[in-house]
Amino acid sequence: MAGSNPNAKPMDLTLKVWRQKNKDAAGQLVTYPVKGISPDMSFLEMMDVLNENLLRSGEDPIAFDHDCREGICGACSLHINGRPHGPERGTTTCQLHMRHFKDGDTITIEPWRAAAFPVHKDLVVDRSAFDRIQQAGGYVSVNTGGVPDANEIPIPKTIADKAFDAATCIQCGACVAACKNASAILFVSAKVSQLALLPQGKVERQTRVENMVAQMEIEGFGACSNTGACAAECPVGISLENINMLRREYISAKATSENF
Amino acid sequence: MILDSNIPEGPLAEKWDKHKFNVKLVNPANKRKYDIIVVGTGLAGASAAATFGELGYNVKAFCFQDSPRRAHSIAAQGGINAAKNYQNDGDSVFRLFYDTVKGGDYRAREANVYRLAQVSVDIIDQCVAQGVPFAREYGGLLANRSFGGAQVSRTFYARGQTGQQLLLGAYSALNRQIAYGKVKMYPRTEMLDLVMVDGKARGIVVRNLITGKVESHSAHAVVLATGGYGNVFFLSTNAMGSNATAAWRAHRRGALFANPCFTQIHPTCIPVSGDYQSKLTLMSESLRNDGRVWVPKTVETAQRLRKGEITVNDIKEEDRDYYLERKYPAFGNLVPRDVASRNAKLMCDEGRGVGASGLAVFLDFADAIKREGQPAIAAKYGNLFDMYAKITDENPYEKPMRIYPAVHYTMGGLWVDYNLMTTIPGLYATGECNFSDHGANRLGASALMQGLADGYFVVPYTIGDYLAKMPNERISTEHPAFKEAEQNVMAITNKLLSIQGTRTVDDFHKALGLIMWDYCGMARNAEGLRFAKAEIRKLRDEFWRDVKVTGVNEELNQTLEKAHRVADFLELGELMVDDALHREESCGGHFREEYQTPENEALRDDENFAYVAAWEFTGTGNQPMLHKEDLKFENVKLTQRSYK
């Protein structure tokens, strides 16, 4: 079956892939040639082809995280030619297609690099630090049941839309991987902004920002130095405005907090 | 075995309230003495685990993903139904109930569906309170749209990512309980067996996917919220990791599996582009609100188009067949999913399909763009159009989309009673993992509703009734039943690793998927199903002789993970075929070619098949045993579904 572009010719590529047995082992880039790659393949389908070849020759296939392959679950996390999720803006690795590469290209594939994201194996990293930051305050404290009717909380559309923009974060970690300091501030700010904007989240806004930022520091993420690389590489376009909002929230919380 | 659905007595509208009053309660001070295991942390699992924690139970939650936020509920796009009647357009709990029973082609249990419609309104309140950013009108109130065959606007939505926003709500509630210490979360951990003591579910055996370590966990009750089994087909819209292993291993331990042949093929997916394809991408069927489905009127035009002799824009209006509008004037492009899918297949079977493979139909937005302008269409569907363009390299604002049906959802699942308990005491199944609410076909925007209804509002009540009647003593994981289950898991793992054959796991999975798609997909017949059964058996034998799994157990080994899952799909696939073969009627997503009306619509046989087929496992390769739960319809009149 031909794809959407019947004139596209299959490509031969050279991959340099980070291989690392486990978190304690030393890793290295290993070179693999791949042949006959259709431009209509997704990047991960190209990895599938390579893995099937490795398996058939009895070699250990390359471990990488992936699940929905629709750009929403945030599992895929490849650093491709020095960029998180590769060369296309606003695109997760799973939605990156091989038509963005040329026959004969050499492609370097590495895991996210950050002290707070240790490598489990090959291209799979441990992003549980993100979960722990969310556990520190990324919620509204309501139990199931006993809540008001949904339309008793009217929210101006402009505010709701802004909160929504922040809520679209897929927790992939590209922001951390893009940052020279491995800062998680864009990720943290997205949740802080979403809930600070909405009336439901205002009650706990002070403790939330304090606790989430504190957890971020405990996890060993670096400091923000305003380069904006995070937002430039974010596959879902989380805006730097959220970082401004986080800073305002943080300063205002600290100014009134007993921890000041 | 007699299947007792435990439906409460009394009028439909009063059953749930009455039942909630009649169930036993666990004293608040005693709740901490009970442990509950929840497997799966999508909408049904995360909401249940969080709510159990809030109530005071000790919860252990497990997911195979690296974070609960990645569960496949996240990928749902379109929306969530609720009978709020905010639009004043005649919706009600009874209408949502009625639509769901009818849409399911009268193969769902009335009492469960009515309860689902009742609690649907609470879900929206809960999610808004959590900060879920649903779409809103300028006045600040919630927006609704009409969705997938409904004639009222009852669908709440969050752009094209309602699933992600609802899951993040449930995930945030779960996180709060994790922080409080009421829920202990085990990510990257896969359930591989169920442990039973004295005939009751008392724990699970899991494999740590990073270290390979096999561990036991004991509890007073186990809730499976592990999703559907669409990946039997290899190609589906499910996530790559979605699997049936937890449910299947519970089935092997005695939980009956109901209506396995009821699978949903979703009409609006991006067509297959090559044999390397790893999954199919769904585009929300909300697209059918504005898109018009068509194929060329004649086979000749379709052929010329496929060969590239003409382009789509060369085909004049009068040479296009808007077949859904033609055949179903009342519902047009908004007919239910099974009807839309089957008609696309019919067009392609006639030779009028488009795209290089001929396995696609057009979904055309030209009229909508002319009517409302491109910005309005972009505001509604921008992310879907972008996704389509990214995958196909074509611009849907200029050229109609090409779509084709793909496996999307499985209505079948573990049999549960009104309390969502399986045939194993203490084992519950919620969300897509159970069979209960959607009959033979699920309506759009109802999966999210069911997952959250089960997790937030149903199982937290019903599990209390079970726990209140049992002593709170804990069972040690040193109990022989745990050791036996651990050995069982290790035996399967060792067997998979020892074969060292020549064919890869994906190879077998793809072969199984093709058999299922060709013979147990959108249309089935007895001859094909018998052939499929023999083929699956052959393939399964070959799998256990010739599969190649590299590496060892004691490491992150994604090939081994897949091998466990495909081993189970190879058994479940055969059960689906058995079920499809035995059900000599057509209903909803189950279309038997022998049973159709003169107009090619599904022809039910209510006399003989108005029952739930619940299958008992009798050993691999043995004929499973059929148990029937008769469906009684006291509030809805059974009619031939008509969308004309």
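This is a predicted model: local features need pLDDT of at least 70, side-chain atom pairs count only at pLDDT 80 or more; totals for chains, interfaces and linings use all residues.

User: Why is the pair B:D393 and A:R99 called a salt bridge?

Analyst: The closest N and O atoms of B:D393 and A:R99 are 3.7 Å apart. The cut-off is within 4 Å, for a side-chain nitrogen of Lys or Arg and a carboxyl oxygen of Asp or Glu, so this pair counts.

User: Which elements does chain A bring to the side that touches chain B?

Analyst: Those giving two or more residues are α1 (43-56), β6 (119-121), β7 (124-125), α2 (128-135), α3 (157-167) and α5 (185-197) of chain A. α3(A) gives the most, with six residues. By class, that side has 31 nonpolar, 23 polar and 20 charged residues.

User: What is the area buried between chain A and chain B?

Analyst: About 6,600 Å², with carbon and sulfur atoms giving 51% of it. In contact there are 74 residues of chain A and 81 residues of chain B.

User: On to chain B. What makes β2 and β5 of chain B a pair?

Analyst: Pairing takes at least two bridges, and four join β2 (residues 58-62) to β5(B), so they qualify. B:V59, for one, has B:V183 in β5(B) as its bridge partner.

User: Why are β5 and β17 of chain B at the edges of the sheet?

Analyst: The open sheet runs β5-β2-β1-β9-β17 (chain B), with parallel pairing. β5 (183-186) and β17 (427-429) each have a single partner strand, so one side of each lacks a neighbour in the sheet.

Key. Residues are numbered from 1 along each chain as its sequence is written. Chains are lettered from A and ligands numbered from 1 in the order in which they are written. Side-chain values use heavy atoms; hydrogens and water are left out. Contact means heavy atoms within 4.5 Å. Buried area is the accessible area (1.4 Å probe) that two parts lose on being put together, summed over both. Ala, Val, Leu, Ile, Met, Phe, Trp, Tyr, Cys and Pro count as nonpolar, Asp, Glu, Lys and Arg as charged, and the others, Gly among them, as polar.
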